[in-house]
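Take a look at the model below. We will walk through it from the whole to the parts.

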Amino acid sequence: MTERQTTLEVPVSIEGQGLHTGTMGTMTFQPAPANHGIKFKRIDLKGQPVIDATIENVISTDRGTCIGNNGAKVYTIEHVMAALRGMNIDNAMVELNMEEVPIKDGSSKFFVEAIKKAGIKELNAEREYIEITENITMEIPEKKTKIEIRPSKRFSLSVTIDFESRVLGEQTATMDDIKEFPVKISPCRTFVFLHELEFLLKNDLIKGGDLNNAIVFVNRQIPQEEMNYLADMFNKPRVKVNGNGILNNLSLYFDNEPARHKLLDMIGDLYLLGKPIKGHVTAYRPGHHANTEFARIISDKISVLAND
Ligand SMILES: [Zn+2]
């Protein structure tokens with residue numbers, strides 16, 4: 001049975017704030033023809049430059065995956081890419097009137113809901129997969145990172161994180177089939193350690209951050225004075241640390257929500273290969289840098305095989 005490529009039935013927009021810039025903006029998923037792939041368009045810039053969501057266009061993986069081309073950039077694309085892959089969308093033009101994707105709640109949930117609302121249309125072209133024919137492994141010893149993919153009839157992942165911290169030790173998340181993405185993976189929110197968050201706030205590296213778009217882990221005692229400062233920063237009457245080391249009034253959707261979020265990021269980053277993959281991924285301590293490097297290795301292997 002052949003599968004057909006898809007796009008959105010109608011355009012659909014999402015409004016929201018960028019995490020790093022704090023700017024409010026609109027992102028619109030526009031339907032696109034077969035073999036178009038996923039592209040981003042900066043409609044706020046002169047000439048409305050288009051950036052292909054490909055591994056070649058990755059220009060930074062610092063706190064998120066950023067793509068750029070011809071002087072135009074789009075930051076933090078990974079949660080949108082994950083939603084498109086998770087909903088089996090092959091073709092879309094993602095229009096933005098700012099340089100960053102809205103962070104929303106730090107998950108892919110709002111993007112998945114928007115795609116559902118727009119509807120999915122089949123196109124008159126066959127879907128092509130990247131089929132993994134041999135095991136591919138990558139290790140980054142200084143980060144204790146190891147990622148492997150082996151042949152499989154489906155796309156499945158098993159992701160383990162270990163921050164070697166009292167509040168966030170080793171945990172694993174798995175996804176056996178992309179059908180599980182909307183319910184099990186897409187609502188899982190990003191997370192940050194309090195010391196990182198404070199560094200980002202003090203250095204003006206995040207502006208859109210509030211207590212609704214990241215799970216904040218606290219691995220030390222915080223003096224009341226600092227609690228008050230954070231309450232001010234977050235515009236809340238007060239903040240506190242819950243028993244499981246999580247700051248604020250968020251509760252986890254799943255015990256292993258952080259590992260599930262890293263799995264989500266990985267799905268998004270691997271979709272920069274331009275086509276869905278058939279293969280089983282096992283990842284230990286992944287991150288945007290490792291994910292995109294791994295995608296590059298897969299991409300190189302494929303082009304070698306194609307030229308054989
Ligand atoms: Zn993420």
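The centres of domain 1 and domain 2, taken over C-alpha atoms, lie 29 Å apart. Domain 1 covers 4-131 + 260-307, and domain 2 covers 191-247. These bounds come from an automatic or database domain assignment. The model is predicted: local features need pLDDT of at least 70, side-chain atom pairs count only at pLDDT 80 or more, and totals for chains, interfaces and linings use all residues. Residues are numbered from 1 along each chain as its sequence is written.

The domains touch. In the contact, 11 residues of domain 1 meet 9 residues of domain 2. Two residues are in contact if their C-beta atoms, placed from the backbone, lie within 7 Å. On the domain 1 side, 2 of the residues are nonpolar, 7 polar and 2 charged. Here Ala, Val, Leu, Ile, Met, Phe, Trp, Tyr, Cys and Pro count as nonpolar, Asp, Glu, Lys and Arg as charged, and the others, Gly among them, as polar.

Now to the helices. Helices (H or I, at least four residues) and strands (E, at least two) are DSSP runs, numbered from the N terminus. Two packed helices are described by the angle between their axes and the distance between the axes. Axes are lines fitted to C-alpha atoms, for helices over the stretch in contact, and angles run from 0 to 180 degrees between N-to-C directions.

How do α1 and α2 pack, and at what angle? Helix α1 (residues 78-86) and helix α2 (residues 109-118) meet at about 40 degrees, with axes 8 Å apart. So α1 is oblique to α2. Angles under 35 degrees count as roughly parallel, over 145 as roughly antiparallel, 65 to 115 as roughly perpendicular and the rest as oblique. From α1 come H79, V80, A83 and G86, and from α2 come F111, V112 and I115. This contact has 5 nonpolar residues, 2 polar and no charged.

Helix α1 also packs on helix α6 (residues 257-270), where the axes come within 7 Å and cross at roughly 80 degrees. Therefore α1 is roughly perpendicular to α6. This contact holds 4 nonpolar, 3 polar and 4 charged residues.

Last, find K39, in strand β4 (residues 38-42). K39 is buried because 20 other C-beta atoms lie within 10 Å. The cut-offs are 20 or more for buried, 12 or fewer for exposed, and partly exposed in between, with C-beta atoms placed from the backbone. Leaving out residues up to four places away in sequence, K39 touches V50, I51, D52, A53, M93 and V94.
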